[in-house]
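Please look over the sequence and the structure shown here before reading on.

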Amino acid sequence: MDAAAHLVDAVLPLTPMRQWVLSLPKRLRPALRSNKALATRVLRIFISSIQRELRRSAAAPVGARIGAVSFLQRFGSALNEHWHYHCCVSDGVFAAADGQTLALMLATVDAEMVARVQARVRRRVLAAYCRHGVLSEEDAQNMAGWDHGGGFSVDASVGIAADDRPALERLLR
């Protein structure tokens, strides 16, 4: 069985899902190639930022969690090197309803939420690059001041209905 079919049939819950994509400025991408710890840190920053906003939108308790699967894509459509993250994320958070059962608390994803995720990711990723010695504090401050997201791009425009499992499988492929 291929991975996409397995995820749809046996792993991902029957819940609305959304594709979130993070693209970094060209200047930051080469470091991901040689620094697995940094690549993992960037993914954790992205996922935690999404979870924070979905939890906030759903008015869920602090312990509520998202369901997600992520892929680090290394090439663009023209087979050019272009490291970016694709994450398939539940459109809400799961919280314990009665101590045993998980309940999905749906969230509303809108442009303001995506902008907050992008701003938080930008700030935290620049700090992580500094901590990993890849970027100087001066360069990070300069990049933080760039207009139009400073080369950071977050997209969450593709949503999949809970009952549209074929579409979810196509997205995961």
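This is a predicted model: local features need pLDDT of at least 70, side-chain atom pairs count only at pLDDT 80 or more; totals for chains, interfaces and linings use all residues.

Residues are numbered from 1 along each chain as its sequence is written, and side-chain values use heavy atoms, with hydrogens and water left out.

Q: What share of the 173 residues in the protein is buried?
A: Buried here means under 20% relative accessible area, found with a 1.4 Å probe on protein chains only. By that cut-off, the buried share of the 173 residues is 46%.

Q: Is Asp91 buried or exposed?
A: Asp91 sits in the loop between β3 (81-90) and β4 (92-96), where strands are DSSP runs of E with at least two residues and helices are runs of H or I with at least four, numbered from the N terminus. Its relative accessible area is 10%, so Asp91 is buried.

Q: Which residue's side chain joins that of Asp91 in a polar contact of 2.9 Å?
A: Not counting residues up to four places away in sequence, Asp91 touches residues including Pro16, Leu106 and Val109, a contact being heavy atoms within 4.5 Å. A polar contact needs a pair of N or O atoms within 3.5 Å, and within protein one must be able to donate a hydrogen and the other to accept it, with residues adjacent in sequence counting only if both atoms are side-chain atoms. The partner at 2.9 Å is Arg18.

Q: Which residues of α6 meet α1?
A: On the α1 side, the residues taking part are Ala4, Ala5, Leu7 and Val8. Their partners in α6 are Arg165, Leu168, Glu169 and Leu172.

Terms used:
Buried means under 20% relative accessible area, exposed over 50%, partly exposed in between (1.4 Å probe, protein chains only).
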